[in-house]
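Visitor: I have a structure here and some questions about how its parts are held together. Please take me through it.

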Amino acid sequence: MEITRTFDLLNYLKEKYPEKEDVLCCKENGEWVKYSTDRYSKIAQYMACGLIEMGLKKGDKVITMSQNCPEWNFIDMACAQTGVIHVPIYPTLSTENYVHIITHSEAKYIMVGNKVLVNRLKPALEKVENPPQVYTLHKTDEYPSTFEILKLGIESHERNEPILDEMKNSITADDCATLIYTSGTTGAPKGVMLSHRNLCSNFLAHAKVNIMKPGDKVLSFLPLNHIYERSMNYHFQYLGVGVYYAENMGTIQQNMAEVRANGFCAVPRVLEMVYDKLYAAGKDFKGIKKKVYDRAFAHGARWDYSMVKKMSLLYQLGQIFYDRMVYRHWREKFGGNKLIVITGSSSIQPRMIRTFAAAGIYIYEGYGLSETSPVIAVNNPAKGWVKIGTVGPILEGVEVKFADDGEILTRGAHVMMGYYKDPEYTAQVMEPDGWFHTGDVGELVGNFGGLTGPRFLRITDRKKDIFKLSAGKYIAPQLMENKMRENEYIDQAMIIGENQKSVAAIISPNFNTLHYWALKHHLHYRDNAALLQMPETKEKFRQVIAEINRDFAAHEQIKNYRVVVDEWNANNGLLSPTLKLRRKPLMEKYKGLIAEIYGTEQPISNPIISAFRNVELPSFTKKK
């Protein structure tokens, strides 16, 4: 059957997977609770009747602020069937942003996960003149629960089902299905309007490149309010893959092992933390065991998707050996299966992709934005079109071209309807003929399938982040920062130097690796701050920067740097909710360090111009 509206998924599931028992799953009181195709569809239907009974109509807005759970899907599908616009929001925004979203969206109701999230939202509700009615997904004493909406729907379904049928028939693919508010790193969050066509065309296209099959299981832990995880949520349901929601971020490994998952979605930061833990696990090994463990990393770093069918005999033997001795133990921590991992949001280090792939944890990188529903390009294991260091081929049905300055432009059914109540800003990023300006700079590289011309998209930087040195040379900081983060001693780095003579860096170190190094060198220190001040540590980072600089052009080389003790994360506002650098807060936090770095630099002067400017000029004497 054709899927043009998100709620068409429910009929598709009933037709394609009528007996499926684990469409959506969560853990309650230590047990995994599973929702079948039939139960999922019925609950969504009754919840829709409940929304009608509450007086909601097509075009009204409902906000959800919740952890991942089946109830999120019930609300999502109930909204979709009634034409109500679903507005999911992050549980980590500021009070000011909550006030803006509630007011700007004109939401009638807010569905909040639990009491903790309610308390986080209360200061914003107190500032809104006519706050929306609050319901909670989990029962509290203060507010009614969403279970009351279900009961209301069951009680009123005979009266409201004919109305619901009319509502569903009135909804077209081009109607707005959701408002996705951007994280608001600059200014107030903007509401991205996505239609049913946007969402469906995109998840159907990227589902085609997945090699998972009906009956497989995935663990979901990235927030469903983000369009990336939400789109993958639809994607997995369409493929007949069971979606299991992690209890929390601290139970991911435990939950993976419990359900014996076949894959998950992640952002690079999550994978980096896993890699660092695996690497650090070898620090306590001794003798031959340690040598084998360390060499497993070196072996994995040489792995590539393109070499799978033409591995040398020596490498094949090494693969068998290291899989038996090291890699299978890694997989056992996550349930024992070989894994499919889809990642996006920012660049992931190639060495990690290679090492994980050698261990049977296959990472496929993609690229997109909220405004593009979200996927523009993704590596395609279904056809073997995979290239490490790129975000893969352009997705089917998606058009891409490049502006003169290298900016990626895209057009197609995946491109948003526009920004809610903001036609001026919409016009700034969308051309009349449908081309959307992503703000990212990229290029096509590599090839596949015997086709002519480059086919893989490589992202090089954010257009707005590129800056010039005072000598006029361009610097692409994101590309350099990604390269720096490949070094095991660096957790995060920010490249600076706009209008300055040279490039500098602020570095947040990887303390797991640094502690291991200090232990090997018998260094004694009170805390991390003291460790960074030790002469041996300073010399180590001098060597690290010297090594990194070998990969940079002369004008890109880091001439000065500071290593800071602070961890950068989303909780302290230095990383975005999707774990990208938030440059403005970072620049503000370290403005003293930046002034110190560049305080001794003198402005570049041109001696010839200065000579002309300062020479004393006598008056002309008129000739008689």
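**Salt bridges, sheet and surface**

Visitor: Which residue forms a salt bridge with lysine 58?
Guide: The model is predicted. A salt bridge needs a side-chain nitrogen of Lys or Arg within 4 Å of a carboxyl oxygen of Asp or Glu. For lysine 58, the closest N and O atoms of the pair are 3.0 Å apart, and the partner is aspartate 175.

Visitor: How many residues apart in sequence are the parts that this pair ties together?
Guide: Lysine 58 lies in the loop between H2 and strand S3 (61-65). Aspartate 175 lies in the loop between helix H6 (146-170) and strand S7 (176-181), so the parts tied together are apart in sequence by 117 residues.

Visitor: In which helix do aspartate 38 and lysine 42 both lie?
Guide: Their side chains meet in a salt bridge, 3.3 Å from N to O. The two residues are 4 residues apart, about one turn of the helix, and that helix is H2 (residues 37-53).

Visitor: Which are the edge strands of the open sheet?
Guide: The sheet has 8 strands with mixed pairing, in the order S2-S1-S10-S9-S11-S12-S13-S14. An edge strand pairs on one side only, and these are strand S2 (31-35) and strand S14 (375-378).

Visitor: Is isoleucine 320 buried or exposed?
Guide: Isoleucine 320 lies in helix H12 (residues 313-333). With Leu313 and Leu317, Ile320 forms a nonpolar patch on the surface. Exposed means over 50% relative accessible area. Isoleucine 320 has 58%, so the residue is exposed.

Conventions
Residues numbered from 1 in each chain as written. Predicted model: local features only at pLDDT ≥ 70, side-chain atom pairs only at ≥ 80, totals over all residues. Heavy atoms only, no water. Patch = residues over 30% accessible without salt bridge, like charges linked within 9 Å, V, L, I, M, F, W, Y side chains within 5 Å. Areas by Shrake-Rupley, 256 points an atom, 1.4 Å probe, with all protein chains shown as cover. Buried < 20%, exposed > 50% of the residue type's maximum accessible area, 1.4 Å probe, protein only. Pairing = 2+ DSSP bridges.
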